[in-house]
Amino acid sequence: MTPTMMAMSLRDGQLAIRQIPHPTPSSGQILVRTLACAICASDHHYMDHPEIAASDRSRMRVLAPESDVVMGHEFCGEIVEYGPDTKKEWPIGSRITATPALFTDGELRIIGMAPDAPGAFGEYFLVSEGFARPLPETIPPENLSLIDAIAVGWYYTGLGTEDPAAVPLVVGLGAIGLSAVVALHQRGVPHIVAADFSDSRRALAQSLGADTVVDPAIESPFAAWRRVAWGTDEDIVDRIRLAGLPKCVVYECSGAEGVLADVIEQCAIGTRILTAGGPAEDVIPTDVAHLKGVNLQFGGGPDPSDWFEMCDLVASGQVDTGPLVGEVVGFDGLVDAFERARSSAAPPRIVFRPDAG
């Protein structure tokens, strides 16, 4: 094995395909050859907002502008070598994935967001054996690389379905919004309302289980939600009339500035908002949120239990992530694809495969 590998690395704020040192597995780690890795908005956030990594007191993210940081935390790979102090549960060559966290030198890093936790936009990367899970050979690697993304929706919908009578509204149908639709459908939620400006993403959401899709340029998503949940377009604000009516759970997955504020302004009294998107900074009307008794949760997942549960569902074929894969690129197209993935016109996930032409 050569001492260097090819990778797309971030250095001094610039992405490029470079030859960088080959990672070596240390205690409890597995060296993995990349089979597929999806481009995620979290990669863009890490690159665009170094101040977030700089202020991360947990040191799970590390700001290292002068080092090569290889991003990529939604991955499927093949075992190449076990490090010391490993159980060696699976044969060399086995397909695996893992939660995107790596124990290294007594600290926990997010894979792809620190120089000592290289991600899968390179030929090889590292995972912690205790976080790894085997994967089948019968499912395309690009589909398996979306387990982490789909686990986010599984996590949020686990919280949002605690009230079985609540009717969900998914705002923003990128990969995470679509993962919420998939998860809600998998959980047997009978009515799913989903909103996005993109015709293709609304159509995809409908094919994945949303029974009502809305173009916000034509109709307010909340008017459509009221029609489904309450049987009327009327915005009911009388708390006596609201008694007994279904509550709203909003999955805010747009990632755009101002959307969360609009959700708070437009939502029904007592709405629960689970925001998985959002810019680095935003402004929200807290007075309105107080008056409505809005329950607002930012981020926070997926928990390991959600991640492993969704891994099992995808690996068993019960959940198909294939419809979210819109494009596959190799090293030649990776830097360009990373930039194109920022656009709302991009497919839900662009996936890197080293063997792609």
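**An aromatic pair and its helix**

Author: Phe331 and Phe352 are both buried (under 20% relative accessible area with a 1.4 Å probe, protein chains only; exposed is over 50%, partly exposed in between). The model is predicted, so local features need pLDDT of at least 70, side-chain atom pairs need 80 or more, and totals for chains, interfaces and linings use all residues. Numbering starts at 1 along each chain as its sequence is written, and side-chain values use heavy atoms, without hydrogens or water.

Phe331 and Phe352 belong to one aromatic cluster with Phe121. Across the whole structure, a search finds seven aromatic pairs (Phe, Tyr or six-membered Trp rings with centres within 6.5 Å; planes under 30 degrees apart are stacked, over 60 edge-to-face, the rest tilted). One of them joins Tyr155 and Tyr156: 5.0 Å centre to centre, 70° between the planes, edge-to-face. Tyr155 and Tyr156 are both buried. In the pair of Phe331 and Phe352, the ring centres are 4.8 Å apart and the planes meet at 65°, so this pair is edge-to-face. Phe331 sits in helix H12 (residues 331-340) and Phe352 in strand E17 (residues 349-352), so the pair ties together parts 21 residues apart in sequence. Helices here are DSSP runs of H or I, at least four residues; strands are runs of E, at least two; both are numbered from the N terminus.

Now look along H12. Its buried residues are Phe331, Leu334, Ala337 and Phe338. Packing and touching here mean heavy atoms within 4.5 Å.

Helix H1 holds His44. His44 has 6% relative accessibility, so it counts as buried. Leaving out residues up to four places away in sequence, His44 touches Ile39, Phe338, Ala341 and Arg342. The His44 side chain also reaches the backbone oxygen of Phe338, at 2.7 Å.

The largest nonpolar core has 49 residues, and Val170, Tyr251 and Met310 have the most contacts inside it. (Such a core is a set of buried Ala, Val, Leu, Ile, Met, Phe, Trp, Tyr and Cys joined through side-chain atoms within 4.5 Å.) Elements giving it two or more residues are strands E3 (29-38) and E13 (248-252), with helices H4 (147-160), H5 (175-186), H6 (199-208) and H11 (304-315). H4 gives the most, nine residues. Apart from this core lies another, of 45 residues, among them Val62, Val70, Ala117 and Phe352. Back in the largest core, Met310 touches Ile147, Ile150, Ala151, Trp154 and Val319, again without residues up to four places away in sequence.

Finally, helix H7 (residues 221-229). H7 is mostly covered: seven of its nine residues are buried. These are Pro221, Phe222, Ala223, Ala224, Trp225, Arg226 and Ala229. The buried residues of H7 pack against strands E10 (167-171), E11 (193-195), E12 (212-214) and E13, and against helix H9 (259-266). Just after H7, Gly231 takes a positive phi of about 80°.

Terms used. Polar contact = N/O pair within 3.5 Å; in protein donor to acceptor, adjacent residues only side chain to side chain.
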